[in-house]
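User: Can you walk me through this structure? Keep it short, please.
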Amino acid sequence: MKTAASQYPWIEELERTVVHSLATSFGLDFLLFKDKVGGEVDTIHNVRQGVWATDKERQNYENRETYDSDKYHHKDVKKEDSTYKTTGANDKLTQQTGTLQDPYRNRSMAVNDPRNTDHVISASEVHDDAGRVLAEINGIELANQSSNLQSTHETLNKSKGKDSIDVFLARLPEQIAKDETQLLKDRDHLATMPRTTPEQQHKGRQLEDKVRKTEEKIKTLKSVDPDEMRKRDKEARKPYNQQINQKYYTSSKFWKQTTSASAVAGLKMGTRQMLGLIMAEAWFELREQLPKTLEKLKTNFNLDAFIASVQQALNGIWQRIKLRFKDFLNSFKDGVFAGILSSATTTLFNVFATTQKMAIKIIRELWGSLVKAVKLLIFNPQQQPFVDLCKAVTALLSVGAATVVGTMIYTQLLPLCNFPFGSELASFASALATGLITLGLNYFLLYSSLAEKLWAFVDSIMPHAASVRKFQAINAELDRYLTELGRIEFNLDADELAEFAQQLASCNDELQRGLLLKDEISNRGVELPFEMGDRASTRKWLTSLVK
């Protein structure tokens, strides 16, 4: 049957959703979780961006050994023990045959070209690479692998210096323009220089030599092939990064950090979910008892009556907690699982990109809803029909989607609410937005005319639809039977009936209602044709009705 918007319990559902959101996502979250950019586990990508998860690794990097060019160029190492020197010697022999390729210029080097052995990824960059330091790999060995050594023209090697190839290519046009400007000045100066005395002639020859070298430098710089140079850089960085990633992401250090962060996140998430439910139950009981207490005491205040009312409220809270103790444990377990998965997901994302605080919270909230939805799909504890199961999963996912939007609102509001109780106001506004969006999505996806048609169509194409409808009719008849039984057999007076109805109304889910009905049936000695709570017995009785 279609539920009209006017008949939908908007106020009650909104209160329930807002209270749960305040007690979990926007209430306890900021106390238990201290989200920070990049998460709780150091990754190669993050540390290269200057984002550290632990102070220990940050200090290790800041206290690294000072860069020593001589060590990286093996100035004090024997030739036979040095890949850098061996590569240079071998390339020198190849150059003499005219077949030594210079990929920076995409041409073979002439026999008389001045040649240098260049670190494609500069030695200085390797030494100062935070990813290398995090992986604890020897920088000298990493920089002097054959994949990172390249013979090129001396001018290019010296012009590139400590820069990466991208930086060098970015400043190359400016360098050429600067050298050309200097060349014009030197030529003009040379044209006006006197050559009378030997000293003047010597200075002229010096300037001529400078002009010739500048011309050669400009010619060499203009011969650079940017595409081939970037290609060579890419070829060098691929094995370089593979070695760093493999060393770090297979290390015990990384897995210890990941395991520890996931375990802590799981415990915090489980605690948040469980405490949130307890706080929500406490609020619902107080919300019900406080008006009654105030009504009793406003005309004739009595300390004994006040204390008795407080005790009654506390007892009511305790009764609610006892009734839902199993739910609290399940919520804790679901929260632990969701926290572990959210932490692992955040770490995985940080391997490739740096996650922001809002993204971390969104991941956590999404996993909170996904774990419940997947658990419901797999186990289906109440053995719901397929369509009802889909509706329940849809409702859970709509809560997750609404919480994501609420989280985004909270993140945007928090910096603006920098006044007393501003964070509390941001939390309430975000929880209210979450509640409104949840109700809107739930109504549209479950109770709107379009949704009703969709669910009816899905129900009609399900196998055994006729049998399902028959059992639904039996269930309706069972409800009527229980109602009549309660009226005839329970023999409740007016006060007892009112109290029993109030207890039923205060129940939050079918589990509580079932427990309450079971206790009342037991107290009244009512005999049922099946054993309540025993699925096998209930199915056997229902099967007998079908026959």
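This is a predicted model: local features need pLDDT of at least 70, side-chain atom pairs count only at pLDDT 80 or more; totals for chains, interfaces and linings use all residues.

User: How many salt bridges?
Analyst: The count is 25. A salt bridge here is a side-chain nitrogen of Lys or Arg within 4 Å of a carboxyl oxygen of Asp or Glu.

User: Where does D186 pair with K210?
Analyst: The closest N and O atoms of D186 and K210 are 3.6 Å apart. D186 lies in helix α11 (residues 165-192) and K210 in helix α12 (residues 198-222), so the pair ties together parts 24 residues apart in sequence. Helices (H or I, at least four residues) and strands (E, at least two) are DSSP runs, numbered from the N terminus.

User: Is D186 buried or exposed?
Analyst: D186 is buried, at 6% relative accessible area. Buried means under 20%, exposed over 50%, partly exposed in between (1.4 Å probe, protein chains only). K210 is partly exposed at 39%.

User: And what about D334 with K375?
Analyst: That salt bridge has its closest N and O atoms 3.2 Å apart. It links distant parts of the chain, with D334 in helix α16 (residues 325-352) and K375 in helix α17 (residues 357-379), 41 residues apart. D334 is buried at 15%, while K375 is partly exposed at 31%.

User: Switching topic. How do α18 and α20 cross?
Analyst: The axes of α18 (residues 386-413) and α20 (residues 449-460) come within 9 Å and cross at roughly 140 degrees. Axes are lines fitted to C-alpha atoms, for helices over the stretch in contact, and angles run from 0 to 180 degrees between N-to-C directions.

User: Which residues make the contact?
Analyst: F386, V387, C390, K391 and T394 of α18 meet W455, V458 and D459 of α20. Contact means heavy atoms within 4.5 Å.

User: Which residues have positive phi?
Analyst: N106, near 55 degrees, is one of them. N106 sits in the loop between β1 (101-102) and β2 (107-108). E136 is another, near 60 degrees. E136 is in the loop between α8 (130-135) and α9 (139-143), and is exposed at 54%.

Note on methods: Residues are numbered from 1 along each chain as its sequence is written. Side-chain values use heavy atoms; hydrogens and water are left out.
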